[in-house]
Amino acid sequence: MLNGRACLPFADGSIESPSQSGNLNYWEQPFSQPYFDNATRRDVTATVGQMTYLHCRVRNLGDRSVSWIRKRDLHILTVGILTYTNDQRFQSLHSDGSDEWTLRITSPQIKDSGTYECQVSTEPKISQGFQLNVVISKAKIIGNTEMYIRSGSDINLTCVVLETPDPPTFIYWYRDRDVINYSGRGGISVVTEKQTRTSRLLISKAQPPDTGNYTCAPSASDSASVTVHVLNGEHPAAMQHGNSSNSAVTRLLPIFLLFVCHSIQVLLVTDVYVPARVVKLTR
């Protein structure tokens with residue numbers, strides 16, 4: 001007798017406990033309680049406007065329900081596969097027989113960043129937190145935003161895609177409003193490396209008609225542009241690689257020095273008459 005319950009002997013003389021014989025309630029058995037599968041990714045980075053997913057996997061759920069809750073305001077977003085918010089960008093996805101309960105967020109925004117809880121209706125409730133970071137992905141062309149190239153030199157532009165969780169599907173290059181036509185003229189090549197999120201545009205032996213606004217436009221990211229001037233002959237004042245502020249200072253400095261020298265000369269050659277102070281003597 002164990003805890004008031006009969007113990008059943010096996011043929012080899014060992015004794016079967018009540019939990020082995022099934023005398024305990026199913027939900028009282030430790031192995032039958034719901035628990036989270038910790039193999040799922042819980043820190044997710046998403047790009048603004050690009051659909052993202054939070055995957056929660058619950059084992060031994062039984063007849064319990066799974067809810068998704070936004071932690072910052074404790075707002076219940078979904079219960080089961082039903083949506084409990086007016087914001088229809090949030091939706092719960094689940095397939096029958098699956099242990100996975102997925103929160104889908106359509107067109108996430110910066111304000112959606114934060115912690116989301118996958119909660120199971122046990123008593124007491126159990127939950128697992130997921131951190132969502134929504135970022136603005138953007139391209140950057142290395143160097144200055146304005147470039148001056150001598151005719152016959154190469155245009156060499158490198159674009160890097162920043163703050164993107166996944167490599168871009170594509171990266172297009174534009175000159176002004178048109179996609180660069182590789183067959184329109186020879187000497188144009190583009191090398192794109194998705195894993196490093198970089199793209200390099202090379203235009204060999206550039207000519208004045210190659211002058212224009214060059215834009216790097218990755219998928220799902222803000223684009224970046226530079227203005228390229230292809231000049232004939234020597235143009236020392238313009239060959240500043242886009243540093244227009246330094247160029248302006250260089251041009252104005254001789255005028256400023258001339259003005260200072262002239263002012264000093266005027267002070268040296270001008271007689272300044274200062275009347276003497278009249279002092280009245282009194283006895």
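Mentor: A pocket is an open set of grid points with protein on both sides within 12 Å along at least five of seven lines. The model here is predicted.

Trainee: How much space lies in the largest pocket, and which residues are closest to its centre?

Mentor: About 320 Å³ lies in the largest pocket. It is lined by 19 residues, with Thr-47, Gln-50, Met-51, Pro-165 and Asp-166 closest to the centre. By class, 8 are nonpolar, 9 polar and 2 charged. Strand 4 (43–47) and strand 5 (52–59) each supply at least two lining residues, and strand 4 gives the most, with 4.

Trainee: Why is Thr-122 called buried?

Mentor: Buried means under 20% relative accessible area. Thr-122 has 6%, so it is buried. Thr-122 lies in the loop between strand 11 (114–120) and strand 12 (126–135).

Trainee: What makes the approach of Thr-122 to Ile-126 a polar contact?

Mentor: The limit for a pair of N or O atoms is 3.5 Å. A polar atom of the Thr-122 side chain lies 3.3 Å from the backbone nitrogen of Ile-126, so the distance is inside that limit. Beyond four places in sequence, Thr-122 is in contact with Pro-34 and Arg-64.

Trainee: Why is the pair of Phe-90 and Tyr-116 called tilted?

Mentor: Planes under 30 degrees apart count as stacked and those over 60 as edge-to-face, with the rest tilted. The planes of Phe-90 and Tyr-116 are 35 degrees apart, so the pair falls in the tilted class. The ring centres are 6.3 Å apart, and the limit for a pair is 6.5 Å. The structure holds 3 aromatic pairs.

Trainee: Which parts does the pair of Phe-90 and Tyr-116 tie together?

Mentor: Phe-90 lies in strand 9 (residues 90–93) and Tyr-116 in strand 11, so the pair links parts 26 residues apart in sequence. Both Phe-90 and Tyr-116 are buried.

How values were computed:
Residues are numbered from 1 along each chain as its sequence is written. This is a predicted model: local features need pLDDT of at least 70, side-chain atom pairs count only at pLDDT 80 or more; totals for chains, interfaces and linings use all residues. Side-chain values use heavy atoms; hydrogens and water are left out. Buried means under 20% relative accessible area, exposed over 50%, partly exposed in between (1.4 Å probe, protein chains only). A polar contact is a pair of N or O atoms within 3.5 Å; within protein, one must be able to donate a hydrogen and the other to accept it, and residues adjacent in sequence count only if both atoms are side-chain atoms. Contact means heavy atoms within 4.5 Å. On a 1 Å grid over the protein atoms alone, a cavity is a set of points where a 1.4 Å probe fits but cannot get out, and a pocket is an open set with protein on both sides within 12 Å along at least five of seven lines; lining residues have an atom within 4 Å of a point. Grid points are joined across faces, edges and corners, and a volume is the space filled by probe spheres set on the points. Ala, Val, Leu, Ile, Met, Phe, Trp, Tyr, Cys and Pro count as nonpolar, Asp, Glu, Lys and Arg as charged, and the others, Gly among them, as polar. Rings of Phe, Tyr and Trp (its six-membered ring) pair if their centres lie within 6.5 Å; planes under 30 degrees apart count as stacked, over 60 as edge-to-face and the rest as tilted.
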